[in-house]
Amino acid sequence: MDLRYSAEEEAFRAELVEWLDEVLPTVGPPPGNQNDWDARRAYDTAWQRMLFDQGYAGINWPTEVGGRGASPAEHLIFLEETERRGAPYVGVMFVALLHAGPTLIAEASPEQKAAHLPAILRGDQVWCQGFSEPQAGSDLASLRTRAVRDGDEYVINGSKIWTSNAQVADYCELLVRTDPDAPKHKGISWLILPMDTPGIDIRPLRSVPGTEEFSEVFFDDVRVPVANRVGDENDGWRVAMVTFSFERGTAFVSEMLASMQLVEQLAAAAKKVTRGSGTAWDDAGLRRDIGQVAADLDALWALVKRNVTQASRTGVPGPGGSVFKLHYSEVRHRLGLLGERVFERAGLALDDVAGMGNGPHVEGLLHAISISIAAGTTQIQRNIVAERILGLPKDR
Amino acid sequence: MDFDLNEDEAALQEGVRSFCAGRFDMETVRSLADSAGVDRGRWRELADTGVFGLRLPEADGGVGLGLTEAVLVFEELGRAVVPGPILASHLAAGLVDGALSGDRVVGLVERPAHPVLVEHLDALDALVVVDDEGLHLVEADAISGEPVGRPLDPWTPLHVVADLPAGQVIGGPEDAARWRLEGAVLAAAQLLGIAGATVELGTAYAKEREQFGKPIGTFQAVKHILADMLTRAEVARAAVYAAGVTLDDPSVGDPARAAHGAKLIAGEAGIANGKACIQVHGGMGFTWEVDAHLYLKRAFVLDTVFGSGDVHAEAMAALV
């Protein structure tokens with residue numbers, strides 16, 4: 001076991017840090033109005049273009065398709081240093097860079113790759129994901145959105161939900177049912193859907209923090225060329241799952257590193273907040289709970305390093321991804337509650353009040369609610385751990 | 001960066017695991033309650049395996065390995081719930097005559113404490129007292145103590161010692177600080193072993209025990225207990241392994257922070273998993289016959305060694 005970075009990796013870090021220190025002062029803050037999706041797209045794609053120009057786009061994508069081809073350790077360094085220095089997040093580029101793009105790399109035809117991968121890396125193509133449906137959440141494979149062949153086109157009817165950035169996406173990675181008579185995993189196909197196709201209706205959903213993070217997307221006789229299918233007809237479930245092996249256990253790592261900064265800010269705030277004749281930090285119970293969250297986040301960072309090592313040795317992510325997600329969700333809930341304990345009444349405001357610095361913590365409190373639901377609920381993750389790792393029998 | 005076992009480390013882990021399976025099987029471990037947790041023959045076998053001299057230079061009769069490897073060894077000793085003052089004798093090897101060879105059984109106790117409770121006193125030849133001033137060696141026959149009639153962990157007998165002799169100074173404040181840090185990490189490694197062993201024990205039972213016509217592991221209510229147990233064990237594993245590596249090479253992190261975090265998290269994992277393992281076993285889990293209670297009781301003991309969870313949580317808070 002070795003936690004040291006090699007000389008090459010440290011050189012990668014030094015070069016990255018030098019560039020970040022140079023350019024980040026020229027990058028303004030993200031748009032204040034989180035519902036202004038045009039502004040969010042402009043901001044996030046501009047950052048992607050800067051990464052592209054500097055050779056950091058597609059940090060873990062293979063060099064053959066224009067990626068950086070960074071080693072797993074370099075990937076972690078990239079996440080660590082961009083987070084530490086407050087660089088913009090992947091934002092609206094997340095589906096394209098972390099899910100649709102990797103799927104295309106693994107499964108698409110040369111023509112499809114050429115049409116999309118370079119444009120994604122440059123920040124010229126934004127993607128969204130059409131997987132979940134109102135009736136197909138945890139049981140994703142029961143999805144019903146139909147695609148019926150009509151000559152060299154599919155005609156699509158149905159609806160999708162939890163689609164992030166739908167308002168500003170150019171393309172959608174869409175799972176559709178092409179064989180309603182086959183077993184549920186065997187009748188699904190994976191399509192590239194241009195979002196300007198007639199018949200698409202996007203209805204934003206207001207989420208708990210009050211922002212329109214997700215949309216419901218309706219399809220009414222939407223026609224997509226058969227040539228836009230990736231992989232074989234009815235093989236879409238496998239195509240969609242292939243991507244998870246690309247992930248290497250780095251999902252949620254940026255925000256986990258951001259959580260460490262939240263803990264430090266919370267401790268600093270607790271030392272200032274008046275409580276009785278002293279400060280909140282005088283409360284040993286509160287102090288220990290903050291210490292505990294810090295220990296948990298340190299452990300999660302170590303777990304990420306194990307997961308990444310195992311993924312790079314075996315080529316597929318190990319069970320650590322689910323373990324990480326389960327624990328990270330739980331720690332974020334605890335961190336959110338700690339914020340409320342420190343800020344008390346100021347914890348009722350999503351905006352900073354009286355210079356308390358409460359805003360990010362209250363935002364985090366609400367964000368934490370989604371972490372144990374998104375990308376596989378805590379309950380589904382526990383089933384995955386119990387059945388795939390521990391080998392317990394399925395009951396479904 | 002390569003944060004998984006290399007070939008040598010995997011071989012070491014496998015070697016200690018098979019040694020424990022052969023020489024400290026559960027029947028043997030259970031029988032050690034009759035001899036204050038220590039059988040002299042088995043103790044020398046631990047010494048011959050290199051448990052005590054693991055981190056001493058080869059020139060001094062040791063194995064010449066680091067804390068990274070010691071963590072793997074102590075994880076296995078925890079997994080097998082091997083009783084006795086193994087951690088104390090490991091720390092004392094090279095400093096106290098006979099500890100390395102296993103000829104003398106060396107224990108330790110921390111001070112200040114009230115009451116002072118010494119583990120395994122009847123099996124000890126010598127005791128190291130660890131306090132802020134340093135390390136003090138006391139011959140066991142100079143210590144008089146009142147035995148505790150019913151120790152929580154029958155494999156860790158206790159004596160209340162009212163007056164500890166001053167003893168001979170064998171180390172200064174820096175040595176004591178080093179023992180505390182290394183001791184916390186190695187106790188955490190034993191707790192990690194317990195956390196992992198209870199996942200396996202509980203999972204095996206959930207696959208075999210049937211109710212309502214199915215293995216109980218089919219039911220999500222049981223599955224989710226076991227998934228949470230695995231999560232605790234794997235998070236603790238990451239923390240404890242990282243602590244071992246960081247104490248060996250402080251260039252990769254803050255050793256104190258790594259040690260405090262590891263002990264805190266592994267302590268909770270050991271205790272919570274021990275309890276959950278009993279829960280999975282239902283009524284049988286509350287019997288003496290099922291092994292689950294041995295793990296839980298040892299976890300309670302180890303959590304108090306070199307600082308309980310509260311102590312380490314407070315220490316973490318000071319480092320945030």
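Between chain B and chain A, an area of about 4200 Å² is buried, and carbon and sulfur atoms account for 63% of this area. On the side of chain B, the residues that lose the most area to chain A are B:Met1, B:Phe3 and B:Val320, which together make up 19% of what that side buries. The model examined here is a predicted one. In terms of contacts, 47 residues of chain B meet 47 residues of chain A.

Across the interface of chain B and chain A, 9 salt bridges are found, and the count of residue pairs in polar contact, both at pLDDT 80 or more, is 18. The elements that contribute two or more residues to the side of chain B that touches chain A are helix 4 (67-79), helix 6, helix 7 (220-248), helix 8 (255-281) and helix 10 (309-319) of chain B. Of these, helix 7 of chain B provides the largest share, with 17 residues. Divided by class, the side of chain B that touches chain A holds 23 nonpolar, 11 polar and 13 charged residues.

Several of the individual salt bridges between the chains can be described in detail. A:Arg306 is paired with B:Asp4 in a salt bridge whose closest N and O atoms are 3.6 Å apart. A separation of 3.6 Å between the closest N and O atoms is likewise computed for the salt bridge formed by A:Arg288 and B:Glu314. This pair crosses between chains, running from helix 8 (residues 284-314) of chain A, where A:Arg288 is located, to helix 10 of chain B, where B:Glu314 is located. A:Arg288 counts as partly exposed, at 27% relative accessibility, and B:Glu314 is also partly exposed, with a relative accessible area of 23%.

A further salt bridge is formed by B:Asp228 and A:Arg382, with the closest N and O atoms 2.7 Å apart. Because B:Asp228 belongs to helix 7 of chain B and A:Arg382 to helix 11 (residues 378-389) of chain A, the pair joins two chains. The two partners fall on opposite sides of the 20% limit that defines a buried residue: B:Asp228 is partly exposed, with a relative accessible area of 22%, whereas A:Arg382 is buried, with a relative accessible area of 18%.

Salt bridges that share partners also occur as a network, in which A:Glu10, A:Arg13, A:Asp21, A:Glu80, A:Glu81, A:Arg84 and A:Arg85 are joined. Over all chains, the structure holds 51 salt bridges. One of them links the side chains of A:Asp2 and A:Arg4, at an N to O distance of 3.0 Å. Both residues of this pair are partly exposed, A:Asp2 with a relative accessible area of 25% and A:Arg4 at 44% relative accessibility.

When neighbours within four places in sequence are left aside, B:Thr203 is in contact with A:Leu390 and A:Leu392 of chain A and with B:Leu226 of chain B. B:Thr203 is classed as buried because its relative accessible area, 5%, lies under the 20% limit.

Within chain A, the domain assignment gives domain 1 (7-89), domain 2 (128-234) and domain 3 (252-389). The C-alpha centres of domain 1 of chain A and domain 3 of chain A lie 23 Å apart, and 8 residues of domain 1 of chain A are in contact with 11 residues of domain 3 of chain A. The area buried between domain 1 of chain A and domain 3 of chain A is about 790 Å², with 71% given by carbon and sulfur atoms. Between domain 1 of chain A and domain 3 of chain A, the count of salt bridges is 0, and 0 residue pairs in polar contact, both at pLDDT 80 or more, are found across their interface.

Key:
Residues numbered from 1 in each chain as written. Chains lettered and ligands numbered in written order. Predicted model: local features only at pLDDT ≥ 70, side-chain atom pairs only at ≥ 80, totals over all residues. Heavy atoms only, no water. Domains from an automatic or database assignment. Contact = heavy atoms within 4.5 Å. Buried area = accessible area lost by both parts, 1.4 Å probe. Salt bridge = Lys/Arg side-chain N within 4 Å of Asp/Glu carboxyl O. Polar contact = N/O pair within 3.5 Å; in protein donor to acceptor, adjacent residues only side chain to side chain. Buried < 20%, exposed > 50% of the residue type's maximum accessible area, 1.4 Å probe, protein only. Helix = DSSP H or I, 4+ residues; strand = E, 2+ residues; numbered from the N terminus. Nonpolar A, V, L, I, M, F, W, Y, C, P; charged D, E, K, R; others polar.
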